[in-house]
Amino acid sequence: MAPQLYPEYPPELSPEEEQYLLSNLKDWSIAHGLAVRPAPSFVPTSHDPSGALATTAPVTLFPSLFPRKCFEEGLAIQTAYNELYSAIARDEQWLQTIVEELIGVDDFVGRLWQIHVQVKLEGYVQDLSLGLFRSDYMVHSDSSASTSSLGLKQVEFNTIASSFGGLSSQVSKLHNYLLKVGAYPVSTAATLQKDALQLSYSGFNLAKGLAAAHTAYGSSQTERPLCVLFVVQEPERNVFDQRHLEYALLTGGVRSFRLPFHRTLQDTKLDMDRTLVYIPPSMPSTAFEVTTVYFRAGYSPDDYPREEEWKARLQLERSRAIKCPSILTHLAGCKKIQQVLATPHSPHLKRFLPDDAVASRVLSTFAPIYPLDESQAGLEARKLAKDPHTAARYVLKPQREGGGNNIYRKSIPGFLESLPVKSWPAYILMEMIEPPPLQNAIVRNGEVQKGGVIGELGVYGVCLWRSGSGENSGEVLQNFEAGYLLRTKGDQSEEGGVAAGFGAVDSCCLV
Ligand code: ADP
Ligand code: MG
Ligand code: MG
């Protein structure tokens, strides 16, 4: 293993120093909504029957050190990534050629595509689409430990329910607060000075994106009050992350509501012109016109336990509300798309990013990814995946979101053996990104865990564009970088999900 890049960081704390840091951290986080609902394994439902309790979200004690060059590059290319994925979502024919390879082997993707086909047949009545994206990266170290050999490599690109924008803004403020109250030793405080600690404005910026869609929708033709609808899972432990966006929207004068996905058919209906009408159960005599549907649910097959949920997704897609994301934008986030874009010497990237300089910056963030189909590259990748020695350098991914779906390293050959060969093309094989070793401490449910960690940088992007066949088709109304997220996990864990209990929210101290 490569030597520790920054052996002095984070510093050792005396028990008194750690106590001071923790008590400030715990109080500040609850006072500022850097919180989650407790897991039932931590607080059994019987101890909190009305769901009133909250606890500090898993966070790092210290901001993690992060190479400035990599951080700045990630933020700088976000608008190019927004352009890329909005262009993919507009190019239905291109998307179809890729999705068709998945339809027979992945029912979930197949059903999503069917919804698009059904709505297209009838005709879409909304040509604006909103993307609240998040491009995730790790720093890759080329085995030698000098800073010049570090580069940013993309883990994945999220087009639906990109979470933690609300909490990320809070954790960078928390670390800044801990610095101000002297909770960090002098040496750490010196490292954090000189603009090293990066605040994230992701919560505000994502809300700004939703507000832009809300405004672009226009006024109600029926004099109804307008609203944004957050389509959510229930129960949702990560509710405060979403609430931060709701509160920011309200500050800007935009009303929003939370609609549990399974309640869609009860609480919404379509007018004759497919205006989406929402009637809150708490205000049965008031009908709101929905300008924007923001999905924080609907990305996992588990969200569709009954046919009703599929009908619900169809109803929302048919509606005149702006979708964040549309079905096509959701599908553009398939890992298969990422693999196709990363194919060496392929014409695909150029198709969507005609400027060579922009395309080559994006290209340099791709890690090697292979198909597992019957193409030449696919057959070679199958060989790598079946051999435990070579498989140890890879991760196998299905077309799924939300964490917990991947198969890592030596588990890959056995897993593939258990699958019929005809379903192998539903997966992609990706080289593991190997970040340089770092240390930090994570507080989870009040307990401190110290040791080697791996960080994953997420960069948010907002894009609002027009598709369809009208004269303004292709118009991009909004395209901006929208802040960052750093998630940090123990280096023994393959997965990094904060909500899934593996990682913590963190902020970047640039070095
Ligand atoms: P999901 O959409 O479920 O979040 P990801 O592709 O982000 O799927 O994979 C989940 C986690 O697996 C990531 O957060 C990261 O910790 C780990 N991971 C995924 N791909 C790689 C990779 N190429 N190298 C190292 N770790 C990876
Ligand atoms: Mg994802
Ligand atoms: Mg991910």
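Modeller: Strands of a sheet pair through backbone hydrogen bonds, either parallel or antiparallel. Here strand S14 (residues 394–397) and strand S16 (residues 428–431) run antiparallel and are joined by four bridges; strands are DSSP runs of E of at least two residues, helices runs of H or I of at least four, numbered from the N terminus, and pairing requires at least two DSSP bridges. Tyr394 stands opposite Glu431 in S16. This is a predicted model, in which local features need pLDDT of at least 70 and side-chain atom pairs pLDDT 80 or more, while totals for chains, interfaces and linings use all residues. Residues are numbered from 1 along each chain as its sequence is written, with chains lettered from A and ligands numbered from 1 in the order written.

Biologist: What is the order of the strands in the open sheet?

Modeller: The order of the four strands is S13-S16-S14-S15, with antiparallel pairing. Strands S13 (369–371) and S15 (407–408) are at the edges with a single partner strand each, so one side of each lacks a neighbour in the sheet.

Biologist: Which residues have the most contacts inside the largest nonpolar core?

Modeller: In soluble globular proteins, nonpolar side chains tend to be buried together. The largest core here has 133 residues, and Leu229, Val231, Leu331 and Leu429 have the most contacts inside it. Such a core is a set of buried Ala, Val, Leu, Ile, Met, Phe, Trp, Tyr and Cys residues joined through C-beta atoms within 7 Å, buried meaning 20 or more other C-beta atoms within 10 Å, with C-beta atoms placed from the backbone. Strand S18 (residues 447–466) gives the largest share, nine residues.

Definitions and conventions:
Buried ≥ 20, exposed ≤ 12 C-beta atoms within 10 Å, placed from the backbone.
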